[in-house]
Amino acid sequence: MQNLIVANWKMNPVSLEEAKKLFNSIKEKMGDVKSEVVVCPPFIYLAELKGLTLGAQDIFYEEKGAFTGEVSGEMLKSVGIDYVIIGHSERRKYFSETDEVINEKIKKALGTGLKVIFCIGETQEQHDNEEKYKVLENQIKKGLDGIENLKFKIENLAIAYEPVWAIGTGNNCSVDETKESINFIKNLVPNVRVLYGGSVKSKNSGEYIKNAGANGLLVGGASLNAEEFIKIVKSAE
Ligand code: PGA
């Protein structure tokens with residue numbers, strides 16, 4: 001399995017000029033790498049950036065019509081986008097995305113031929129209450145409900161284990177705990193690539209690949225610095 005390293009820029013940077021600068025800097029520094037590297041900028045910049053594999057941070061589950069503000073899988077495909085992140089915890093939290101909506105989005109994306117990075121993870125409270133495995137299983141079962149009826153390659157689906165308490169906090173999940181969670185996910189969904197995300201930095205990134213069995217990383221904050229992101233990419237080699 002080829003490792004998959006994903007840069008999730010979230011709602012950054014604040015201008016097209018800065019987005020191009022960051023993107024070109026990552027592109028120039030990349031060199032030959034064995035991993036698959038995907039950059040996910042905000043929608044508005046997607047069609048303006050060329051030369052690296054791109055992903056969107058969300059998708060809507062209808063093809064077109066009266067859905068003000070939304071972007072469809074067909075639209076993403078038409079501007080050359082390969083990947084889409086679905087079910088990120090920030091979308092679940094700030095935009096009230098339910099497992100059912102996420103499931104519709106995943107089915108639509110896979111059906112359109114997009115590659116999906118499906119995010120799951122428990123909150124601090126669920127972690128403290130030892131509900132992690134119940135939460136992960138529930139998110140996976142509901143999120144992937146019915147996908148067996150679709151025609152798609154399993155390589156087109158990756159699951160990102162992102163403990164909510166580890167995102168943007170500097171409090172990354174331990175390698176041992178990540179390994180257990182990854183094994184749990186792989187048992188539920190055989191042959192899928194499982195990524196780790198949550199405060200990934202170049203000083204911890206390599207361990208997740210080498211010691212926790214992750215098939216890649218979903219990198220937020222650290223992907224906004226080209227040098228740091230390249231170090232993370234290289235740590236997975
Ligand atoms: P972080 O974000 O690397 O800033 O913790 C990861 C993510 O939200 O995907």
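User: What classes make up the lining of the second largest pocket?

Analyst: Five nonpolar, eight polar and four charged residues. Ala, Val, Leu, Ile, Met, Phe, Trp, Tyr, Cys and Pro count as nonpolar, Asp, Glu, Lys and Arg as charged, and the others, Gly among them, as polar. Bear in mind that this is a predicted model, where local features need pLDDT of at least 70 and side-chain atom pairs need 80 or more, while totals for chains, interfaces and linings use all residues. Residues are numbered from 1 along each chain as its sequence is written, and side-chain values use heavy atoms, with hydrogens and water left out.

User: What makes something a pocket here, and what is the volume of the second largest pocket?

Analyst: On a 1 Å grid over the protein atoms alone, a pocket is an open set of points with protein on both sides within 12 Å along at least five of seven lines, whereas a cavity is a set where a 1.4 Å probe fits but cannot get out; lining residues have an atom within 4 Å of a point. Points are joined across faces, edges and corners, and the volume is the space filled by probe spheres set on them. Of its 17 lining residues, Arg92, Gly121, Thr123, Gln139 and Val164 are the closest to the centre.

User: What about the largest pocket: which residues are closest to its centre?

Analyst: That pocket holds about 520 Å³. Met11, Gln57, Asp58, Arg91 and Phe95 are the closest to its centre, out of 17 lining residues. Its lining has eight nonpolar, four polar and five charged residues. Helix 4 (residues 89–94) gives the largest share, three residues. Helices (H or I, at least four residues) and strands (E, at least two) are DSSP runs, numbered from the N terminus.

User: Why do strand 1 and strand 2 count as paired?

Analyst: Two strands pair if DSSP finds at least two bridges between them. Strand 1 (residues 4–8) and strand 2 (residues 36–40) run parallel and share five bridges, so they pass that cut-off. One example is Asn8, whose bridge partner in strand 2 is Cys40. Strand 3 (residues 53–56) and strand 4 have two bridges, so this pair qualifies too. Overall, eight strands form a closed barrel in the order 1-2-3-4-5-6-7-8, with parallel pairing.

User: What makes Ser96 and Glu130 stand out in the backbone?

Analyst: Each has a positive phi without being a glycine: near 50 degrees for Ser96 and about 55 degrees for Glu130. Ser96 sits in the loop between helix 4 and helix 5 (99–112), and Glu130 in the loop between helix 6 (124–128) and helix 7. At 57% relative accessibility, Ser96 is exposed. Glu130 is exposed too, at 72%.

How values were computed
Buried means under 20% relative accessible area, exposed over 50%, partly exposed in between (1.4 Å probe, protein chains only).
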